[in-house]
Amino acid sequence: MSHNGLPSPSAAASAAATADTTSAQAEPVVDAQDVTRHYVLGKDTIVEALRGVSLTVPPGAFVSIVGPSGSGKSTLLNLLGALDRPTSGALRFSGRDVADLSDAELASLRNTDIGFVFQQFHLLGRTPARDNVALPLVYRGESRRERRRRADEALDLVGLAHRRDHRPAELSGGEQQRVAIARALVSQPRLLLADEPTGNLDSQTGSDIMGLLQDLNAQAGVALVVITHDPEVAALAPVELPIRDGVLDQERATAGSLVPPPAVTAPPPPAEPDDSVASQRPPSQAEAAEEPPTR
Amino acid sequence: MRAGESLRVAGGAILANRLRAGLTALGVVIGVMSVVLLISVGTGARAEITEQLEALGSNLVFAVPGGFEGGPTEGGGPTRSPFTAQAIDDLSNDLAGQAEVTGTLSSGEQARGPAGQVGISAFGTTGSYASVTDTDVTRGTFFSDTDSALGRRVAVLGPSAAEELFGQRDPLGQQITVAGVGFEVVGLVEEAGTTFGVDTDLQVLVPLRAAQELFGIQRVDTVLVRAPSPDALPGVVDEVEASLAQTIDEDRFSVLTQDDILGVVGDVLGTLTLVLVAIAGISLLVAGIGVSNIMLVSVSERTREIGLRKALGARTRDITSQFLIEALLLCGLGGLLGLGLGIAFAEAAAATTPLPAEVTWWAIALAFGTSLGVGIVFGVLPARRAGRLDPAVALRHE
């Protein structure tokens, strides 16, 4: 995958090993500051699905967001996936605020920067694996030949090159999820967003899939955000963020959450040290990263 | 997204629901087929009438009973012809050296010959009929004006009449009876063909006076005048009007050229065709509503797919154009099938029934263009609905 512009595997791996919060950081993949999302259901009914969430995902990070249903997980996923806009607060992807982007620009952002992995796989049923994987490239106007070449590469990466002509119905659940992962990778995104990636799989297959995602995160350097209700899956991430009632639960966050692995190989941006921290703090309350802020 | 890719996706979606797509497109198929068929028949009818009128000869002027363009004449009933044999003689004298004149009178009668009895069109006319209408006498002679003036009972047969009455026998010099009255066959005329399934060759031409006696009337249905050239037509029309007006009230007859008749027949056929095509057009409209309906169902069914495509980077217009192209493809395929069936039926009708039909390129273009228009107009609503779907909501649609 070194041709694709992502950090080389060795560099990303070493970056993960040596957390250095003081060094110059790459632009965060996604940066949410005090983001809320309210749904107006009726004249007088407003559901506050997210009530002020701050979260920074640096390049190459692996973060899990864990919470029960109704906690605001899906709403947060929508925002982190640029599928939705916050009601208030700032949401930036690689420094670009979604408030400044048109719907078409958001679509383009999803196409180039974000790869989705869903619980239900969401593969097109009548379409062979290879064309499923190539689907994001269709919306970039890539030639069919180029799409197939890159889809084959992505399938190779998830170990399914030999199944490329099979339709989803001819593949096992684990294989389908691998195809979906290949599809998420084919556009060489900065962020891989996995929504309950193991939810429809047996435990062994689920742990294989998590292993694959972790390898991709470690070797290809793509940032990985896993949203799950499963504590075992969440525990795989060095940064584990519980969510409850629309807020990230600071108290129960794992210690590692404040020191996410930076990606030192990215070009040095003019970023402030504050941005290097995946945190629940509003920017104005910048503190030493080692001390978990309390509310 | 490239148009070719959209077309491929649309084709796949249609193939995935063949029966549903087929039933939906059936409305378009029937609509387009009807439009092509009806326009073809209308065009064919006009062409046939033109041909028949021209077959009568060129540079003809007709004097017919009643007002031609002024609506119904007083009394409202069928117009009684004001023309008499005398009027034709007078007109012939007035136009002597300028134009040839004849008159006709016809009635359906039973004729009997050695080979059997048959219903024929008994046609009373003068000796100049053959030259006025450019009719070739293939055997024997046409009767003369003298024969006509004297009311001699001689007859000239069309090819079909000759065959029905005489079979393989030679009719010349033989006797036939028309409405029980005996006539001697003196000549045979060339084949004229059929008009709308009526065999114009199944006619028996007899002298005008004899026909009047036979039918028990004094009038003549139509006066026919042949001008020597197209340039002479207007002058001849004026002469005929002036001459006839000496003895007949001007309101009781009209003088027309072939072009006048073609114009009116064309107008009538055109209006009739338009009405029929409009009715066929309504079926296309109904088909369009069906397309819209099924596309909405399709959008609803594929909500998650739309959500996925948007999540993967499809813009609103990518999705909108994809569904619009699907509607267009559905209607286009229906249109093509309708064209095929319409042309096939028109050709079959022309070949096996008296109904004339002529398939024209503009009928094909109109029908196919309309089907594509239906696709666009009725595809817009579902396509916009698809394009506007919120990706976050669509992805979780059950």
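Buried means under 20% relative accessible area, exposed means over 50%, and partly exposed lies in between (1.4 Å probe, protein chains only). The model described here is predicted, so local features need pLDDT of at least 70 and side-chain atom pairs count only at pLDDT 80 or more, while totals for chains, interfaces and linings use all residues. Residues are numbered from 1 along each chain as its sequence is written, chains are lettered from A and ligands numbered from 1 in the order in which they are written, and side-chain values use heavy atoms, with hydrogens and water left out.

**Helix H5 of chain A**

Helices are DSSP runs (H or I, at least four residues), numbered from the N terminus. H5 of chain A covers residues 144-157, which is 14 residues. From first C-alpha to last, H5(A) reaches 20 Å, close to the 20 Å expected at 1.5 Å a residue; the expected span is 1.5 Å times one less than the number of residues.

The buried residues of H5(A) are A:Arg147, A:Arg150, A:Ala151, A:Ala154 and A:Leu155. They line one face of the helix, because seen down the axis they fall within an arc of 145°, taken from the directions from the helix axis to the C-beta atoms. An α-helix has 3.6 residues a turn, so residues three or four places apart point the same way. The face turned away from the buried side carries the exposed residues A:Arg145 and A:Asp156. The cover over the buried residues of H5(A) includes helices H4 (129-138) and H6 (173-186) of chain A, together with helix H1 (3-16) of chain B. Just after H5(A), A:Gly159 takes a positive phi of about 75°.

**Salt bridges**

A salt bridge is a side-chain nitrogen of Lys or Arg within 4 Å of a carboxyl oxygen of Asp or Glu. The whole structure holds 23 of them over all chains.

| Pair | N to O distance |
|---|---|
| A:Arg147 and B:Glu5 | 2.8 Å |
| A:Asp152 and A:Arg164 | 3.1 Å |
| B:Arg219 and B:Asp221 | 2.9 Å |

The pair of A:Arg147 and B:Glu5 crosses between chains, from helix H5 of chain A to helix H1 of chain B. A:Arg147 is buried at 5% relative accessibility, and B:Glu5 is buried at 10%.

A:Asp152 lies in H5 of chain A and A:Arg164 in the loop between H5 and H6, so this pair ties together parts twelve residues apart in sequence. A:Arg164 is partly exposed at 31%.

In chain B, B:Arg219 is partly exposed at 25%, as is B:Asp221 at 21%. Salt bridges that share partners also join B:Arg302, B:Glu305, B:Arg309 and B:Glu326 into one network.

How values were computed:
Helix = DSSP H or I, 4+ residues; strand = E, 2+ residues; numbered from the N terminus. Contact = heavy atoms within 4.5 Å.
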